[in-house]
Amino acid sequence: MATFLHFFIMNVKILLANVKQKVTSAKGRSIFTFIIFLIISTIFWFMMALNETKQRDYRLQVEIVDIPMGTTFLTQPPQYIDVSVKDKGRALIKYDWGTPPKVRIRYSDFIKRSNSHIVINQEMLSNNIRNSFGSGCEILSIRPDSINVATTTRPGDRLPIFFDISATTQPQYIAYGDLKCDFDSVTIYSLNGIPSSMVNVSTEHISLRNLTDTSTIEVALKAPAATRVEPAKVSVTIPVEPLVAKKRIIPIQVTNLPRNVSIHIFPANVELNYLVPMSMFKNDNATPVAVIDYRSIDTTTATARVNMAQIPDYYHNIDCSPSEVEYLIEPTVAATHHADKDSVKN
């Protein structure tokens, strides 16, 4: 350890000696003199630059304070104002390297045009911005050059949401189940109340295609003219599930069969193949029926068509096999006995 420390100290001494030799040489003195003059000139340039008048563009955040209780903005004031200012460099440098000042406007500073609209004009904005930057600042331009908003003190009305959303999936998938939203209703603010015909607030139309999984989207709400909806956007989830195959054997029933005849069906059952959403595979409690309407049988043909009834809406791609069956119609024993009696009487 002592040997290593001695070696390190010797190397440092050698390095310092070499530096001293180079600095005290003619070339070293020239470089050192150049660096000193470069530093001095940089300081002078920086001081002159700070004393020059500069033009800068800033985006200032707008903040309206002291809003009276129960007042709601029907039209939102701008969040930012773009300004172009001119001032000494030393006055603007802190904003170039830091955060530009906020435009804080007291609600009472607004000039009222009417009971429902308030405005702050360009002159008032210029004075407010000049106070934020300093009295020596010259305001060259302001965009927007005024703030004009509508307000109301009327309480909001609560209305349900209508989802104007269409969604399609890829084959073997289905959008099944109710849409899920983080809000079941929203508040709509207006100046004189909403019309009686307005029963809900609609979302903007959204069309989704080729979905293969549950999707969540953010969608804006439509606010009628001179109204404001809060919240302005909602999050909506569209449940999507894969379709799975299922089948069952169902006996064929004959309806509207007269009392004096009997009918034999070949085969007596049909196989029903269909697709259901995965969540309904174990919860499929539907009772579909296979039916032949005796009145619709065409006796000139040997087969009768089988119709399916009581099919739930979550059954898809339904296939009934066979779709037609053979049949044999015979009179009943009671009907035959009645016919024999009639022949004896005759």
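1. Ground rules. In this predicted model, local features need pLDDT of at least 70 and side-chain atom pairs count only at pLDDT 80 or more, while totals for chains, interfaces and linings use all residues. Residues are numbered from 1 along each chain as its sequence is written, and side-chain values use heavy atoms, with hydrogens and water left out.

2. Overall make-up. The chain holds 5 helices and 26 strands. Both are DSSP runs numbered from the N terminus: helices are H or I, at least four residues, and strands are E, at least two. Of the 346 residues, 30% count as buried. Buried means under 20% relative accessible area, exposed over 50%, and partly exposed in between (1.4 Å probe, protein chains only).

3. Surface and contacts. The chain exposes about 22,700 Å², and carbon and sulfur atoms supply 55% of that area. Areas come from the Shrake-Rupley method with a 1.4 Å probe; for residues, only the protein chains shown count as cover. Take contacts between residues at least 6 apart in sequence: 74% join residues at least 24 apart. Contact means heavy atoms within 4.5 Å.

4. The largest nonpolar core. This core has 23 residues. A nonpolar core is a set of buried Ala, Val, Leu, Ile, Met, Phe, Trp, Tyr and Cys residues joined through side-chain atoms within 4.5 Å. Val83, Ile105, Phe110, Ile129, Phe133 and Ile147 touch the most other members. Elements that each supply at least two residues include β1 (53–65), β3 (80–88), α4 (122–133) and β8 (147–152). β1 gives the most, with 4 residues.

5. Helix α4, length. The 12 residues of α4 should span 16 Å at 1.5 Å a residue, and its end C-alpha atoms are 16 Å apart, which agrees. The expected span is 1.5 Å times one less than the number of residues.

6. Helix α4, sides. Leu125, Ser126, Asn128, Ile129 and Phe133 are buried in α4. They cover an arc of only 165° around the axis, so they sit on the same side of α4. The arc is that of the directions from the helix axis to the C-beta atoms. Glu123 and Asn131, on the other side, are exposed. Gly134 follows α4 and has a positive phi, near 130°.

7. Ser126. This serine lies in α4. Its relative accessible area is 12%, so Ser126 counts as buried. Leaving aside neighbours within four places in sequence, Ser126 is in contact with Ile139 and Ile142.
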